[in-house]
Amino acid sequence: MKNLNDIKKENNFKTPAGYFDTLNNEIKEKIENDVQQKNSSLFQIFKPYIYMAASLVLLATGIKFGLHTFVDPKPIIGGSNIENIANVENSDLLYELYADDMVFYEYLNDTEELYAASNIKDEEIEEYLSQYYIEYELLYE
Amino acid sequence: MRKNDDKVIIEKLRNLETRNEAFNDIVNKYSQQLYYHIRRMVIDHEDANDLVQDSFVKAYTNLDKFRFDASIYTWLYRIATNTCLNFLDRQKRMSTFSALSYEDTLADKIEAHSYFDGDELQKTLQKAILKLPTKQRLVFNMKYYDDLKYSEISEILKTSEGGLKASYHHAVKKIEKYINED
């Protein structure tokens, strides 16, 4: 009956000659290669984002210089343009918008001449106003 | 004792400027021990060579996770053991549909391998060890060949010392039974 203690404890696993002389260097080389590979794979992961960022910078630069080349550098709102905006009050557009009210305003202001030029009676004017300009009834009174 | 020996290395590891130098010291100091720890588990020299290199690469890339109050030796052993167990799992899965079990393939390697020079009794001992369940084999090798304390094995395998003692005791009994029946 054999016990484990009866067996000599020895290491029977052998290695190629000089294996341990080169193992440490092989490990160090593998670490260097793996770290390099990891760094380059990091670049591969972020490559699309790096390209996207570069494209955006190029696009922004292009827009900035392109606008200077093709667009009139004068400001859209400048001295003369401000005057134009002020004159818009007299433009045809506004005149048309307020035409009806202005006709009525002129009519009210030119009553003397109109009276003189026509035979319209007060009753007829009142009747006309009450039909078409109800909101002015009070003013007229 | 080992912990005291590693104090200088740990101090160098703390400093980023001397970290690579410290890791070279670790490789020089522990590569041989780790190689044999792995070799006894995978038997084949080429596999052991790949796994010991992989273990050191993993250790280097995980240096930031190393707790400076821990022992470098047990930390490296843990990494090597996990690398080894993953490899053995893969090999076992791959041999599921083959005629020979993975353990039988390893036993054949002991018989035929030019890098095993033991006598018949030593071959029988190795075959008996190969018959043990993987984790029991691991505990047996660490205790019997590497002379690790139960407290160190416990730290490496994250298993209670009581469990390890029982495991080693059962392993010895199985091995003795195998040798006497052979």
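Helices here are DSSP runs of H or I with at least four residues, and strands are runs of E with at least two, numbered from the N terminus. The model is predicted, with local features needing pLDDT of at least 70 and side-chain atom pairs counting only at pLDDT 80 or more, whereas totals for chains, interfaces and linings use all residues. Residues are numbered from 1 along each chain as its sequence is written, chains are lettered from A and ligands numbered from 1 in the order in which they are written, and side-chain values use heavy atoms, leaving out hydrogens and water.

Begin by selecting B:Thr124, which sits in helix 7 (residues 120–130) of chain B. B:Thr124 has a relative accessible area of 11% and is therefore buried (buried being under 20% relative accessible area, exposed over 50% and partly exposed in between, with a 1.4 Å probe and protein chains only). A polar atom of the B:Thr124 side chain lies 2.8 Å from the backbone oxygen of B:Glu120. Beyond its neighbours within four places in sequence, B:Thr124 is in contact (heavy atoms within 4.5 Å) with B:Tyr178, B:Ile179 and B:Asp182.

Next, select helix 10 (residues 161–181) of chain B, whose 21 residues should span 30 Å at 1.5 Å a residue, in agreement with the 30 Å between its end C-alpha atoms (the expected span being 1.5 Å times one less than the number of residues).

B:Gly118 counts as buried because its relative accessibility is 12%. Not counting residues up to four places away in sequence, B:Gly118 touches A:Asn12 and B:Lys123.

How values were computed. A polar contact is a pair of N or O atoms within 3.5 Å; within protein, one must be able to donate a hydrogen and the other to accept it, and residues adjacent in sequence count only if both atoms are side-chain atoms.
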